[in-house]
Amino acid sequence: MHAAIYVRVSTDEQAQKGFSLAEQEAACRERAREIGASQVTVFADPGFSGELLDRPGLTALREAVRSGRVDCIVVRDADRLSRRLAHQLLLVQEFEKHNVRLEFLDFSWKDSPEGRLFYAVRGAIAEYEKEKIRERSMRGRLQKARQGGIPVLFDVYGYVYRPETGEVEVYEDEARVVRNLFQWFVQEDLSLYSLAKRLNEQGVPTRRGARTWHENVVRRLLANPVYIGTWYYNRRDCAGRNLNRHLPRDQRVGLRPKPAEEWVPIPVPAIVDRWIWERAQQKLERARRLWAGKPRNRTLLAGLLVCADCGKPMHGAWMHADRTNVPAYTCRAIHAGITSGCLPQKKVRADWVNSAVWGVVESCLKDPDAVIRKMRELDTASGSLDELAAAQRALHTVERSRANVLEALSSGLLELDARTKGKLQELKRRRETLLARIEKLKAGIRTGSQFSQRIEEWKHLAQVTLRRLDQLSLDEKRALVRAVVERVEVQGRGSAVTLRVHLTVPSSVRVSVSEVAR
């Protein structure tokens with residue numbers, strides 16, 4: 001008789017350091033000898049979850065059963081085959097179909113109604129225990145996060161996590177790279193592609209020691225609020241994360257984002273100032289339309305123009321004028337076979353639009369006092385620190401009340417009836433209102449604290465650029481325009497085109513393109 005032994009442990013740590021595999025194999029070999037097996041083959045799955053049916057060792061065992069090379073299967077316990085009852089029943093049915101005997105060490109298996117019932121109950125209990133362990137673990141990590149602790153391994157570029165103390169510290173070598181990225185992105189006319197290219201040219205290694213940075217990695221780094229002192233736990237639904245380790249890339253489970261009200265903020269040391277992080281977020285919103293560092297779209301206003309008639313961004317094109325092809329801007333675009341933009345196609349001469357917007361930039365630089373006066377008008381009274389503290393205390397009370405209700409629900413002390421749902425909705429509305437109020441107060445306080453700095457920036461910009469406006473290169477002009485202009489709305493066609501230039505002050509200027517053309 002040819003006996004097959006199947007052994008499995010669920011984690012890499014058990015596979016590498018434990019004795020579970022060896023113990024299972026020794027016990028199963030002893031049972032195989034007892035039932036008269038003359039040949040034994042071992043099928044093992046070290047480090048594979050029992051939730052997966054697609055395991056190398058189990059797949060090989062099933063193939064041996066189908067090919068008739070196995071007469072008996074010896075397993076320590078049913079949950080070694082699978083943690084899921086449906087999978088266990090499927091395997092048993094498959095083995096019985098090929099007349100293969102199944103032997104378990106930890107309980108008596110009988111091919112009878114009673115034996116099947118007992119087996120089904122054991123499988124259901126194993127699956128229930130697995131889910132309860134997972135639920136308790138998730139609740140424990142969530143509670144730890146709400147208390148300000150790090151519930152999972154913290155692996156973020158620029159930081160180092162000390163598991164023995166649970167503390168997060170700044171890793172200065174990487175933090176220096178983070179600060180440089182924010183400064184380059186905000187103060188220079190560099191796209192995400194150009195930032196990644198600069199890091200690659202400087203030979204800066206990634207967190208994993210690779211020598212290649214990609215623009216998507218740079219984007220995620222610049223958008224991460226952890227660098228201003230807040231790391232968010234519970235941002236994504238991590239169900240299926242463990243399954244992804246053994247699934248092909250095209251079959252992996254996506255991590256779905258959770259609503260913002262379920263995120264748990266955890267304070268960590270800040271690496272960059274809030275004002276530069278917020279400036280980076282503003283530029284990231286437009287970054288997909290800015291192509292600095294790439295050979296295409298090398299127009300002065302690429303990424304800043306928006307068609308006021310259809311709402312679509314405008315990009316560089318060509319149009320026939322004065323018996324030749326001249327550069328132009330258009331809102332007409334085709335993406336994945338879908339056409340968007342004005343119909344019929346709207347085109348505006350680039351030289352006219354560039355001259356009009358450049359004139360606005362020159363006027364701002366030549367009269368910086370006017371811009372500063374506008375800034376002073378906008379510098380209204382900042383939010384009260386006392387009011388901010390009161391709002392934060394109220395928010396803490398609301399979040400604590402919501403956490404208590406959720407804890408009572410999870411413990412079975414409350415039922416999710418209409419009254420409880422109403423209470424949770426009311427707490428959610430109060431939380432959203434307080435969050436909006438707190439952000440408004442913080443914005444007012446930041447505006448007041450940064451006002452002097454913004455004035456000095458304008459003065460310095462005017463002094464440096466006024467002396468050599470006529471000698472600026474295209475890249476320098478593009479950088480200068482983006483320092484002054486937030487976006488440009490283009491309305492109308494032909495000679496009736498008008499522009500609304502929105503400045504970063506903020507303010508706006510209306511310009512007629514036909515006047516520039518004349």
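How many bridges pair strand 3 with strand 4, and in which sense do the two strands run? In this predicted model, strand 3 (residues 72–75) and strand 4 pair in the parallel sense, over four bridges. Within that pairing, V75 stands opposite F104 of strand 4.

The two strands belong to an open sheet of four strands, with parallel pairing and the order 2-1-3-4. Strand 2 (39–46) and strand 4 (101–104) take the edge positions, and each has a single partner strand, so one side of each is left without a neighbour in the sheet. On average, neighbouring strands here are turned by 20° against each other, direction ignored. Helix 3 (residues 56–66) packs on this sheet, where it touches strand 1 (2–9), strand 2 and strand 3. The direction of helix 3 makes about 145° with that of strand 2.

Stepping back to the whole chain, there are 17 helices and 19 strands. Of the 518 residues, 39% are buried. Contacts with a separation of 6 or more are also worth a look: 64% of them join residues 24 or more positions apart.

Next comes the nonpolar interior. In soluble globular proteins, nonpolar side chains tend to be buried together. The largest nonpolar core here has 37 residues, and F182 and Y227 are the ones that touch the most other members. Helix 7 gives the most, with seven residues. As for Y227, leaving aside residues up to four places away in sequence, its contacts are V156, Y157, Y159, V178, F182, L221, A270, I271 and V272.

Y157 and W213 form an edge-to-face pair, with 5.4 Å centre to centre and 85° between the planes. Y157 sits in the loop between helix 6 (113–146) and strand 5, while W213 sits in the loop between helix 8 and helix 9, so the pair ties together parts that are 56 residues apart in sequence. Both partners are out of the solvent by the criterion used, which is under 20% relative accessible area: Y157 counts as buried at 10% relative accessibility, and W213 is buried with a relative accessible area of 4%.

F182 and Y227 turn up again as an edge-to-face pair, this time with 6.3 Å centre to centre and 70° between the planes. F182 lies in helix 7 and Y227 in the loop between helix 9 and strand 7, so this pair ties together parts that are 45 residues apart in sequence. F182 and Y227 are both buried. Together with Y159, they form one aromatic cluster.

The charged end of R198 sits over the ring of W184, 4.8 Å from its centre. Likewise, K283 has its charged end over the ring of F185, 4.8 Å from the centre of that ring.

Terms used
Residues numbered from 1 in each chain as written. Predicted model: local features only at pLDDT ≥ 70, side-chain atom pairs only at ≥ 80, totals over all residues. Heavy atoms only, no water. Core = buried A, V, L, I, M, F, W, Y, C linked by side-chain atoms within 4.5 Å. Buried < 20%, exposed > 50% of the residue type's maximum accessible area, 1.4 Å probe, protein only. Contact = heavy atoms within 4.5 Å. Phe/Tyr/Trp six-rings, centres within 6.5 Å; stacked < 30°, edge-to-face > 60°. Lys NZ or Arg CZ within 6 Å of the ring centre and 35° of its normal. Pairing = 2+ DSSP bridges. Axes fitted to C-alpha atoms, helices over the stretch in contact; angles between N-to-C directions.
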